[in-house]
There are 2 protein chains.
Amino acid sequence: MSKFGMIAKFTAKPGERDALAAILLEAAAAMEQVHECELYIVNLSESEPDTLWVTEVWSHAEAHAASLQEESTREAIQRAKPLIAGVEPTRLIPLGGKGLESLNPDA
Amino acid sequence: MSKFGMIAKFTAKPGERDALAAILLEAAAAMEQVHECELYIVNLSESEPDTLWVTEVWSHAEAHAASLQEESTREAIQRAKPLIAGVEPTRLIPLGGKGLESLNPDA
């Protein structure tokens with residue numbers, strides 16, 4: 001089964017970027033318990049003050065879909081929603097590259 | 001020193017996506033020798049047939065800048081250029097998240 005990737009661009013409401021980043025970092029910490037989540041990095045944009053980017057790699061797309069149904073994920077989304085002006089998710093198929101195979105090698 | 005991230009969206013000329021992906025995967029393979037390059041993943045877009053996304057993590061921004069001056073990188077860029085309709089690079093500051101610290105932990 002091929003891996004699954006996601007890049008999500010979050011635009012926070014003015015002044016809310018750091019509060020949104022904190023919720024996304026909490027979600028990232030919760031992913032430590034989710035074996036099929038191989039990478040979940042929260043990034044600031046260097047140039048856009050209200051923008052955050054999350055880059056994800058999953059063992060397969062179904063695990064990503066299942067995580068969105070988890071109670072803890074839904075609760076985090078509810079807390080994040082008032083801070084968010086927009087989200088642009090992009091679904092990806094990772095082809096290869098440095099670091100990809102060493103992520104979660106026993107998955 | 002904080003880590004550095006990059007997301008680059010490549011739009012290939014029609015019919016050239018796979019040839020461009022091959023060059024990007026060659027570049028990713030060359031990064032195995034570049035200690036400061038911690039992650040360099042080449043991804044297909046699920047929905048956009050001419051689009052590739054590269055997600056990168058570097059130990060610091062200077063190492064990324066230096067890699068662009070390497071002869072092998074410049075040669076790859078010259079070969080890729082005729083295949084590319086557009087590139088949108090986004091410079092990032094990785095804040096944290098699952099997998100980030102386990103990338104290249106001795107850097």
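In the predicted model, chain B is superposed on chain A by a rotation of 180 degrees with 0.0 Å of shift along the axis, and the RMSD is 0.0 Å. The two copies are therefore related as by a two-fold rotation axis. Within chain B, Thr55(B) has the C-alpha nearest this axis, at 3.9 Å. Both copies use the same surface, since 100% of the contact residues of chain B recur in chain A.

The interface comprises 34 residues of chain B in contact with 34 residues of chain A. The size of an interface is often expressed as the accessible area lost when the parts come together. Between chain B and chain A the buried area is about 2900 Å², and carbon and sulfur atoms give 64% of this area. Glu46(B), Leu95(B) and Lys98(B) together supply 27% of the area that chain B buries against chain A, more than any other three residues.

Polar and charged interactions were also examined across the interface. Between chain B and chain A, 16 residue pairs are in polar contact, counting pairs with both residues at pLDDT 80 or more. The count of salt bridges between the two chains is 2. One salt bridge is formed by the side chains of Glu46(B) and Arg91(A), with an N to O distance of 2.8 Å.

On the side of chain B that touches chain A, two or more residues come from each of strand E1 (4-12), helix H1 (17-30), strand E2 (37-45), strand E3 (51-58) and strand E4 (84-98) of chain B. By residue class, this side of chain B divides into 21 nonpolar, 8 polar and 5 charged residues.

Strand E2 of chain A (residues 37-45) is joined to E4(B) by 6 bridges, and the two strands run antiparallel. Within this pairing, Ile41(A) has Gly97(B) as its bridge partner in E4(B), while Ser45(A) stands opposite Leu92(B) of that strand. E4(B) is also paired within its own chain: 8 bridges join E1(B) to E4(B), again in antiparallel orientation. In that pairing the bridge partner of Lys9(B) is Glu88(B).

Note on methods: Residues numbered from 1 in each chain as written. Chains lettered and ligands numbered in written order. Predicted model: local features only at pLDDT ≥ 70, side-chain atom pairs only at ≥ 80, totals over all residues. Heavy atoms only, no water. Contact = heavy atoms within 4.5 Å. Buried area = accessible area lost by both parts, 1.4 Å probe. Salt bridge = Lys/Arg side-chain N within 4 Å of Asp/Glu carboxyl O. Polar contact = N/O pair within 3.5 Å; in protein donor to acceptor, adjacent residues only side chain to side chain. Helix = DSSP H or I, 4+ residues; strand = E, 2+ residues; numbered from the N terminus. Nonpolar A, V, L, I, M, F, W, Y, C, P; charged D, E, K, R; others polar. Pairing = 2+ DSSP bridges. Least-squares fit on C-alpha atoms with pLDDT ≥ 70 in both.
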